[in-house]
Amino acid sequence: MTPDPYAEFAVLLLVAAAVGALFVRLRQPVLIAYIVVGIALGPAGLGWVKAHDQVALLAQIGVTVLLFIVGLKLDLQHVRHIGPVALATGLGQLAFTIAGGFALILLLGEDVMTALYVGIALTFSSTIIIVKLLTDKRELDSLHGRIAVGFLIVQDLAVVLAMMAMSALRTPDGGAMPDGWVVAVSLVGRIALAVALVAATMRWVLPRLVALMARSPELLLVFALAWGVGLAALGAWAGFSMEAGAFVAGFTLANTHYREAIHARLGGVRDFLLLFFFIHLGAELELSTLGDALWPAVVLSLFVLIGNPLIVMAIMGYMGYRKRTGFMAGLTVAQISEFSIVFVAMGITLGHVDARALGLTTLVGLVTITLSTYMILYAQPLYERLAPWLGVFERRRPYRELAVDRHGPREDATEVIVFGLGRYGRGVLRALHGRGVAVIGVDHDPEAVRALRQEQLPAHFGDAENPDFLESLPLANTRWVLVTLPLVSSVRALVHALHAAGYRGPIAVTARDDEARAALQALPVQHIYLPFAEAALHAADHAYAQLRPTPREGAIP
């Protein structure tokens, strides 16, 4: 195989596309196809992939973009309602899984240090894989999706703490405990400093900076990538993790007017780069160490696939959530993370465990990631089959979920969406809003959006032709759409995108002249307005009425 990295990337993309197409044809998850490609072309397979550093770099950037988008979509209202259950569920799952996994591994005949490392490794779920699956299913903003993301973040923080704690045990003498206290104090100090800096940046720096960048859609995309990668690198330098830094970077932009536009533009970048993450994950699996670990791996895989979801369902049921919410959220912890393998590999470096522990963890990771992917993708049919036996995980009155339903954020009951906020679109938006109609306006000009928001009008910044942005709009409740974009090509693209997004209500469009109207008549729209012609006709009627006043009643003509 040629050592040219460019040629290797070409081969990787071609093979990934071919295998991915086969998996789609077989109705199998595409990310499993990418992991298979990584195994087949990596050291455990054909050994074609030599550009490990380049693939790993793209994988890291893909993870950064993914976690940046997760932070970008995080709503402070969601945090207020979901934070307590995410913290309780995350910590509870960590405690029960560590205790249960530690005891189980000891029963399998392993030594105490191996049981400790592998038991801790079993608690970490893959944030990247779960978020990707929830995003593909469009469940990231659902109640169980928000809760799952919350306790996955708790797990990510626990990874950092666990690595620091185990690193503090690097010396067998009594000096380990002081090192641990030093690490703890240092960590608290860094967290406090990071919170202060993030708050100051969100308050005084980012609003003006993002508004400046938003004047150019291309510049806004570059800035978003630079901000996410920059804070990810800063997070790693400060002793946290790149994932935590990327998440914080997205969170700092979550309350700006441009978050939906940034999210829409980053969607394709995320999907492309995550391809390399899954390939890298498959290529890094150490299959040569799996010989003696088969039976213990089966037992531990069943513990993760069944035990972890049961733990989450029990905690969430006790806290007042419905059994379906607990089941859907519980499935997201039915696998271990790539960080689990990294954590055990660190133990080998420190001399705490041997390669057998890494082989065991690798095999459990391969089994649980594969099977849990199918469990999440087919969660609803699986729930329908198991629902009669899940009543034990639900209170008679799931009070907390009822409270979230009652006080939590509701879907905007939008009746009308106006795309294009030029003079005509602004006029329609003002008139409908003034008459009490639930209307929102959409435009890609940040200055126009900012001016309308200063008038307390509901204006959104975003690219109306981007399918990912359309999915963020409340199309399900919308009863009427008006498109006032100036270009016929833009109107045509938006109308097709609306239908692709599932909107089936009436659509009205505007045309500048008869030629544009003729071109728009081929589209599936219900109304075509000619603002200039109609305005001219209205002016002519008004002038005629002034010149030829209607005779007064009773007057002689």
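Where in the chain is the place of Gln456? Hold that thought for a moment, everyone, while I say what we are looking at.

This is a predicted model, so local features need pLDDT of at least 70 and side-chain atom pairs count only at pLDDT 80 or more, while totals for chains, interfaces and linings use all residues. Residues are numbered from 1 along each chain as its sequence is written, and side-chain values use heavy atoms, with hydrogens and water left out.

Back to the opening question. Gln456 sits in the loop between helix 19 (446-454) and strand 3 (459-461). Helices here are DSSP runs of H or I with at least four residues, strands are runs of E with at least two, and both are numbered from the N terminus. Gln456 has a positive phi of about 65°, although it is not a glycine. Is Gln456 buried or exposed? Gln456 is exposed, at a relative accessible area of 64%. For the cut-offs, buried means under 20% relative accessible area, exposed means over 50%, and partly exposed is in between, with a 1.4 Å probe and protein chains only.

Now the chain as a whole. Its 557 residues include 47% that are buried, and the chain has 23 helices and six strands. The accessible surface comes to about 27,100 Å², and carbon and sulfur atoms hold 64% of that. Those areas come from the Shrake-Rupley method with a 1.4 Å probe, and for residues only the protein chains shown count as cover. As for contacts, meaning heavy atoms within 4.5 Å, take those in the chain with a separation of 6 or more: 73% of them are between residues 24 or more positions apart.

Let's turn to how some helices pack, starting with helix 3. How do helix 1 and helix 3 lie relative to each other? Helix 1 (residues 5-25) packs on helix 3 (residues 52-72) at an angle of about 60°, with the axes 10 Å apart. The axes are lines fitted to C-alpha atoms, for helices over the stretch in contact, and the angles run from 0 to 180 degrees between N-to-C directions. The two helices are therefore oblique to each other. On the cut-offs, under 35 degrees is roughly parallel, over 145 roughly antiparallel, 65 to 115 roughly perpendicular, and the rest oblique.

Nonpolar covers Ala, Val, Leu, Ile, Met, Phe, Trp, Tyr, Cys and Pro; charged covers Asp, Glu, Lys and Arg; the others, Gly among them, are polar.

Helix 3 has another partner, helix 9 (residues 217-237): their axes come within 10 Å and cross at roughly 105°. That makes helix 3 roughly perpendicular to helix 9. Here Thr64, Val65 and Phe68 of helix 3 meet Ala224, Leu225, Trp227, Gly228, Val229 and Ala232 of helix 9. The contact of helix 3 with helix 9 divides into seven nonpolar, two polar and no charged residues.

Next, helix 13 (residues 323-330) and helix 16 (residues 379-386), which pack at about 130° with axes 11 Å apart. Helix 13 is thus oblique to helix 16, and their crossing is right-handed. Helix 13 brings Lys323, Arg324, Phe327 and Met328, and helix 16 brings Ala379, Gln380, Leu382, Tyr383 and Leu386. In this contact of helix 13 with helix 16, six residues are nonpolar, one is polar and two are charged.

Staying in helix 13, we find Ala329. Ala329 is buried, with a relative accessible area of 0%. What does Ala329 contact, leaving aside neighbours within four places in sequence? The partners are His144, Phe151, Val312 and Met316. Ala329 and Gly145 are 184 residues apart in sequence, yet 6.7 Å apart in space, C-alpha to C-alpha.

Gln335 is buried, at 0% relative accessible area. Beyond four places in sequence, its contacts include Phe124, Ile130, Val304 and Thr368.

Last stop: Tyr503, in the loop between helix 21 (488-500) and strand 5 (507-510). Tyr503 is buried, with a relative accessible area of 2%. Not counting residues up to four places away in sequence, Tyr503 touches Leu475, Thr478, Arg479, Trp480, Val481 and Leu498. Thr478 is 25 residues from Tyr503 along the chain, and their C-alpha atoms are separated by 8.2 Å.

Terms used: A crossing is left-handed if the near helix is turned anticlockwise from the far one by less than a right angle, and right-handed if clockwise.
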